[in-house]
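Here is a short tour of one protein chain. Keep the structure open as you read, and find each residue as it comes up.

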Amino acid sequence: MHFVRIAICVALISMVTALSARAQGLLRDPDIEYALGKLAEPILQISGLGPSSIDILIVNDGRLNAFVVDRSHIFINSGLIDRMTTPEMLQAVIAHEAAHIANGHLARRTVNFRNARSAAGIGSILAAAAAVVSGAPEAAGALAAGVQTSATRRFFAHTRAEENAADQTALRYMTSAGIDPIGMLDVLNLFRGQELLSTSRRDVYARTHPLSRDRFRVVEQAANANAGKFTHNENSRYWFMRAKSKLSAFQRAPKWTLTRAGESGYADVKAMRQAVAHHRQSQAGKAIEYMQRAIAERPNDPYYYELFGQILFESRRFDAAVDAYAKAAEGAPRNALILGSYGRALLATGKTREALELLEKSRARDGRDGRVLRDMALAYAKLGNNGMASVVTAERHAMFNRYDDARIHAKRAITLLPDGSAGWRRAQDVLIVGKQQAKNRR
């Protein structure tokens, strides 16, 4: 698991007043994201959105929240997952946020995120996420669209009508997919009482997803009407417990994890949690031993090989890490996070050209990982291509809205690369976006 820092966004709320949203981090982990994808798959199929069209990402925030900022991403706070006890609860949150997308509730938001695969577009997406989880949604609107009025104050807040409609749609998704709607009722129970608190004391979710008594009553009636109609889905429980268990293993104290390692009921998940806990205590031998136990339980699981590679890499056993990542990439050849880590390990062993090839593939499939851009810049520099090293560095700074730094590297790239080349055009794009951002801040 790796933390990816989301940009600190500074956006004008008026001509002279700036608001700085607290920096947040995305928790990028191929195993957890795969598990969330498995849980979301039946819902996204029923919704018509399609499992491959929406990425579900974890925000490193202990508060209870989930939100959407565009049609391609659903963000869920780590704190919300930690409080959940069943897969149906997590699926209810995914269904609700998917319903906001499918029902067109984002249409009234005029923010233009451009291309979410470009460095600038990704920066806007992440800045929006940072603004929402910091409780300052107006910052994202001003940042991404240049909005300079207080009209963005409630930009990401849904209306009560939208919430009711999203609930109804989500309930339909869940029942059609064979998922017990009791999960939605359990989620709402986490937030009961929030509406009675002052706005400043409400959880972020309660501020952006108003919970009325009528809304609760409708969901409660639907859950009661479907009581006993749905059977337990063991596959969903496994992926829910695996995601939650791995998340807590990296976020909770190792001692806490070791005392609760077996609570999931799955031998491989228990061994995985023990491996993570020992790794975090710098006990490489024990971490490797328990990771081998987890792999023995699921020998064809690429995501366990990825974690094994991370443990080996961070223990500075680079050659062994390369072997583990190679097996992970063999099992999940299109996973951008795995390809990026594989490339990083190859770079550490001096196999620069092979590393760059994998890093390019990783970036092409998922451009949101700043670590990949950092490693690409290093690889280009080692190969003597300083122009492309500057381009990638400029794009990395642009991703995190550090446009002063981005401009320096983009200008350097333009002087080093042939006019009109692909890299030259990418550097020009960074400069153009940087100028627009500067204009918006005036």
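Two residues are in contact when heavy atoms of theirs lie within 4.5 Å. With that in hand, take the contacts in the protein chain between residues at least 6 apart in sequence: 63% of them join residues at least 24 apart. The model is predicted.

**The chain as a whole**

The protein chain has 442 residues, and buried residues make up 58% of them. Its secondary structure comes to 21 helices and 7 strands.

**Rings that meet**

How many aromatic pairs does a search of the whole structure find? It finds 6. Two of these pairs share Tyr238, and the table sets them out.

| Pair | Centre to centre | Angle between planes | Class |
|---|---|---|---|
| Tyr238 and Trp239 | 5.0 Å | 80 degrees | edge-to-face |
| Tyr238 and Tyr266 | 5.0 Å | 90 degrees | edge-to-face |

Why do both pairs count as edge-to-face? Planes over 60 degrees apart get that name, so the angle decides the class. Tyr238 and Trp239 come to 80 degrees. Tyr238 and Tyr266 come to 90 degrees.

Where do the partners in the second pair sit? Tyr238 lies in helix α10, residues 234-251. Tyr266 lies in the loop between α11 (254-259) and α12 (267-280). The pair therefore ties together parts that are 28 residues apart in sequence.

Tyr238 has 8%, so Tyr238 is buried. Trp239 has 5%, so Trp239 counts as buried too. Tyr266 is also buried.

The picture widens from here. Ring pairs link Tyr34, Tyr238, Trp239, Tyr266 and Tyr303 into a cluster.

**Charges over rings**

Rings also meet charged side chains. Arg242 lies over the face of Tyr304, at 3.9 Å from the ring centre. Arg252 has its charged end over the ring of Trp256, 4.3 Å from the centre of that ring.

Now turn to helix α1 (residues 30-47) and helix α3 (residues 87-102). Their axes are 9 Å apart, and the helices pack at an angle of about 55 degrees. Angles of that kind fall between the parallel and perpendicular ranges, under 35 degrees and 65 to 115 degrees. The two helices are therefore oblique to each other. The crossing of α1 past α3 is right-handed.

Which residues make the contact? From α1 come Leu36, Leu39, Ala40, Pro42, Ile43 and Leu44. From α3 come Pro87, Leu90, Gln91, Ile94, Ala95 and Ala98.

Not counting residues up to four places away in sequence, Ser236 touches Leu39, Pro87 and Gln91. Leu39 belongs to the α1 side of the helix contact, and Pro87 and Gln91 belong to the α3 side. Ser236 counts as buried, because its relative accessibility is 11%.

Val59 lies in strand β5, residues 55-59. Its relative accessible area is 1%, so Val59 is buried. Val59 and Leu27 are 32 residues apart along the chain, yet their C-alpha atoms are separated by 5.9 Å.

His279 has its place in helix α12. His279 is buried, with a relative accessible area of 13%. What does His279 touch, not counting residues up to four places away in sequence? The partners are Ala287, Ile311, Glu314 and Ser315.

Notes:
Residues are numbered from 1 along each chain as its sequence is written. This is a predicted model: local features need pLDDT of at least 70, side-chain atom pairs count only at pLDDT 80 or more; totals for chains, interfaces and linings use all residues. Side-chain values use heavy atoms; hydrogens and water are left out. Rings of Phe, Tyr and Trp (its six-membered ring) pair if their centres lie within 6.5 Å; planes under 30 degrees apart count as stacked, over 60 as edge-to-face and the rest as tilted. Buried means under 20% relative accessible area, exposed over 50%, partly exposed in between (1.4 Å probe, protein chains only). Helices (H or I, at least four residues) and strands (E, at least two) are DSSP runs, numbered from the N terminus. A charge sits over a ring if NZ of Lys or CZ of Arg is within 6 Å of the ring centre and within 35 degrees of the ring normal. Axes are lines fitted to C-alpha atoms, for helices over the stretch in contact, and angles run from 0 to 180 degrees between N-to-C directions. Angles under 35 degrees count as roughly parallel, over 145 as roughly antiparallel, 65 to 115 as roughly perpendicular and the rest as oblique. A crossing is left-handed if the near helix is turned anticlockwise from the far one by less than a right angle, and right-handed if clockwise.
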